[in-house]
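Thanks for coming. I'll go through one model this morning, starting with a helix and ending with the pockets.

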Amino acid sequence: MEQAEAQDLVVEGLKKKLKTKSKFYFNDIAKILEMKPRLAKKFVNKMVQDGVLEYWSSGSTSMYGLPGTGKQAAAEHED
Amino acid sequence: MAKHETPLLDQLESGPWPSFVSDLKQEAEKRAKNEKGLDLQIPVDVVEDLLGILELSYKHGKTHWKHGGIVGVFGYGGGVIGRYCDQPEMFPGVAHFHTIRVAQPAGKFYSTEYLRQLCNLWDFRGSGITNMHGSTGDIILIGTTTPQLEEVFYEMSHNMNQDLGGSGSNLRTPADCIGQARCEYACYDTQAICHDLTVEYQDELHRPAFPYKFKFKFDGCPNCCVASIARSDMSFIGTWKDDIRIDAEAVKAYVGGEIKSNGGAHAGRDWGAFDIQKEVVGLCPTGCMKYENGTLSINNKECTRCMHCINVMPRALRIGNDRGCSILVGAKAPILDGAQMGSLLVPFVEVNPEDEYQAIKDVIESIWDWWMEEGKNRERLGELIKRQGFQRLLEAVGIEAMPQHVQEPRSNPYIFWKEDEVEGGWERDIDEFRKDHKR
């Protein structure tokens with residue numbers, strides 16, 4: 001799979017779920033890509049690097065989201 | 001005069017122990033005076049506001065912190081933990097108060113120059129408050145604002161040869177004991193392997209793709225000074241295959257009182273003459289030692305490496321010469337749900353730097369492959385092992401079940417035969433069976 005194709009799949013997949021949640025576990029994304037986690041990681045890393053996805057971390061758990069989505073994005077950019 | 005009244009915190013200073021409240025007040029005063037004339041990059045009264053918000057939390061009996069967020073440094077999914085307070089008007093100094101985890105060097109060896117550099121940087125771009133070290137082992141820099149994160153990271157990575165540590169669903173900063181640098185019990189070079197794996201697994205450390213956190217810890221011997229057996233998903237504990245080396249002359253010297261037991265550690269009180277029978281032989285958990293006619297002997301086959309005898313008489317008893325490590329998996333020390341100790345997976349493996357620890361890396365990577373595919377979100381390795389069974393782990397890493405995996409006969413028979421492993425499978429001729437066995 002090409003990076004662009006993977007990116008379209010992920011962005012589309014996550015947008016569909018945006019009504020109910022804005023942060024996703026890595027495994028959710030690997031499932032969208034229908035890949036084994038190790039392989040999916042390469043595509044996901046590139047998406048973060050390109051600014052298509054962003055990390056969210058509670059400190060103990062990490063998640064992924066589309067930039068600018070969710071309550072926290074607004075809260076953290078308020079100043 | 002302090003910015004906020006803190007009667008509840010002040011009370012904590014009245015106890016017999018050194019108080020973190022006194023330390024914070026001292027830091028607040030130092031920042032206010034700013035004798036070095038630093039161009040402080042975050043509010044000068046950050047520590048006063050920290051004391052203020054803590055006092056308020058004590059008063060309300062609930063926290064005023066919010067943790068987690070999208071803050072970090074570019075390309076890293078860990079190392080920074082976002083923290084905000086929910087009373088920013090009252091305590092503007094800690095409105096943004098992010099934590100930075102800094103990877104500690106193997107064995108936690110520092111030069112004073114390095115520590116000075118680190119503290120100067122943190123006084124300038126952060127709150128000046130540090131935690132040396134957090135429970136993961138990292139240096140924790142407590143409290144700075146979002147714009148300072150990249151600046152701190154740039155300075156550390158370009159001028160201090162220093163990386164951030166792990167947080168989130170990452171490999172956490174590997175931690176080790178002081179090892180062969182200062183300890184004669186160390187069965188392998190903990191610092192060398194800790195450093196090697198830290199460098200090898202940079203991607204796992206900084207780009208989160210695990211179901212949850214994953215920790216390595218390296219103990220040079222079964223004394224387990226970094227508590228790897230209790231606190232790491234994969235624990236590497238030094239051990240030996242041959243016999244404990246006995247120096248008979250030194251044994252006599254301990255018995256005669258010429259050498260102090262435990263390296264003189266309990267010298268503050270008179271415990272009476274050293275009694276080898278009571279203090280060593282009688283305390284051996286497997287009863288594998290004997291002291292007869294002035295001679296100490298050990299049935300090494302029964303030794304479980306508890307280290308007690310070696311700790312009591314370090315000059316008389318030494319670790320064996322055929323050394324390596326045991327690998328245990330699945331420990332965790334969570335707040336909820338109770339702690340879990342590691343289970344033995346590999347009884348003995350050579351720790352070989354010449355092939356870059358390939359045997360160990362093979363085990364690590366096969367475990368990750370299994371856990372990444374099968375682990376549920378926020379499920380630690382130890383929980384997956386409990387859910388799917390130890391046998392499934394053995395299949396995933398390609399290790400055959402062996403007696404060392406069983407705590408004692410008939411108590412944890414988790415190894416079940418499969419049909420294809422049994423001659424003839426599960427099928428049988430019932431008529432043939434009934435010839436010899438009545439209903």
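One definition before I start: I call two residues in contact when they have heavy atoms within 4.5 Å. Also, please keep in mind that what you see is a predicted model.

With that, helix 3 of chain B. What covers its buried residues includes helix 1 (7–12), helix 2 (20–33), strand 1 (65–67), strand 3 (83–85) and strand 5 (129–132) of chain B. Buried, here, means under 20% relative accessible area. Eleven of the 15 residues of this helix are buried, so helix 3 of chain B is largely enclosed by the rest of the structure. Among the buried ones are Val46(B), Val47(B), Leu50(B), Leu51(B), Ile53(B) and Leu56(B), but also Glu48(B), Asp49(B) and Glu55(B).

Helix 3 of chain B covers residues 46–60, and at 1.5 Å a residue its 15 residues should span 21 Å; the end C-alpha atoms are 21 Å apart, which agrees. After the helix comes Gly61(B), with a positive phi near 70°.

Now the domains. The assignment for chain B gives domain 1 (7–159), domain 2 (175–240 + 324–421) and domain 3 (245–318). Between the centres of domain 1 and domain 3 of chain B, taken over C-alpha atoms, there are 47 Å.

Next, some individual residues. Val152(B) sits in helix 5 (residues 146–159) of chain B. It is buried, with a relative accessible area of 0%. Setting aside neighbours within four places in sequence, Val152(B) is in contact with Ile100(B), Leu121(B), Trp122(B) and Arg125(B). From Val152(B) to Glu419(B) is 267 residues in sequence and 59 Å in space, C-alpha to C-alpha.

Lys361(B) is in helix 12 (residues 358–374) of chain B. Is this lysine buried or exposed? Lys361(B) is buried, at a relative accessible area of 2%. Not counting residues up to four places away in sequence, Lys361(B) touches Asp196(B), Leu197(B), Glu200(B), Tyr201(B) and Glu356(B).

Ser58(A) is buried, with a relative accessible area of 11%. What does Ser58(A) touch, leaving out residues up to four places away in sequence? The answer is His67(B), Gly68(B) and Ile81(B).

Then the backbone. As background, most residues other than glycine have a negative phi, and most peptide bonds are trans. There are three places to look at in chain B. The peptide bond from Met132(B) to His133(B) is cis, with omega near 0°. His133(B) belongs to the loop between strand 5 and strand 6 of chain B.

Met307(B), not a glycine, has a positive phi of about 80°. Its place is the loop between strand 12 (295–298) and helix 11 (308–312) of chain B, and at 2% relative accessibility Met307(B) counts as buried.

Tyr357(B) also has a positive phi, near 60°. Tyr357(B) is in the loop between strand 15 and helix 12 of chain B, and counts as buried at 6% relative accessibility.

The largest pocket holds about 1,200 Å³ of space. Its lining has 39 residues, and those nearest the centre are Leu328(B), Leu344(B), Gln404(B), His405(B) and Val406(B). Strand 9 (234–240), strand 14 (323–329), strand 15 (343–349) and helix 13 (381–388) of chain B are the elements giving two or more residues to this lining. By type, the lining of the largest pocket has 17 nonpolar, 15 polar and seven charged residues. Why does the largest pocket lie between domain 2 and domain 3 of chain B? Because both domains give residues to its lining.

The second largest pocket has about 950 Å³ of space. Of the 30 residues lining it, the closest to its centre are Ser60(A), Arg101(B), Lys213(B), Lys215(B) and Ile335(B). Strand 4 (99–102) and strand 6 (139–142) of chain B each supply at least two lining residues of the second largest pocket. Its lining divides into nine nonpolar, nine polar and twelve charged residues. Domain 1 and domain 2 of chain B both contribute to that lining, so the second largest pocket lies between them.

That's what I have. Questions, please.

Technical notes:
Residues are numbered from 1 along each chain as its sequence is written. Chains are lettered from A and ligands numbered from 1 in the order in which they are written. This is a predicted model: local features need pLDDT of at least 70, side-chain atom pairs count only at pLDDT 80 or more; totals for chains, interfaces and linings use all residues. Side-chain values use heavy atoms; hydrogens and water are left out. On a 1 Å grid over the protein atoms alone, a cavity is a set of points where a 1.4 Å probe fits but cannot get out, and a pocket is an open set with protein on both sides within 12 Å along at least five of seven lines; lining residues have an atom within 4 Å of a point. Grid points are joined across faces, edges and corners, and a volume is the space filled by probe spheres set on the points. Helices (H or I, at least four residues) and strands (E, at least two) are DSSP runs, numbered from the N terminus. Ala, Val, Leu, Ile, Met, Phe, Trp, Tyr, Cys and Pro count as nonpolar, Asp, Glu, Lys and Arg as charged, and the others, Gly among them, as polar. Domain bounds come from an automatic or database domain assignment. The expected span of a helix is 1.5 Å times one less than its number of residues. Buried means under 20% relative accessible area, exposed over 50%, partly exposed in between (1.4 Å probe, protein chains only).
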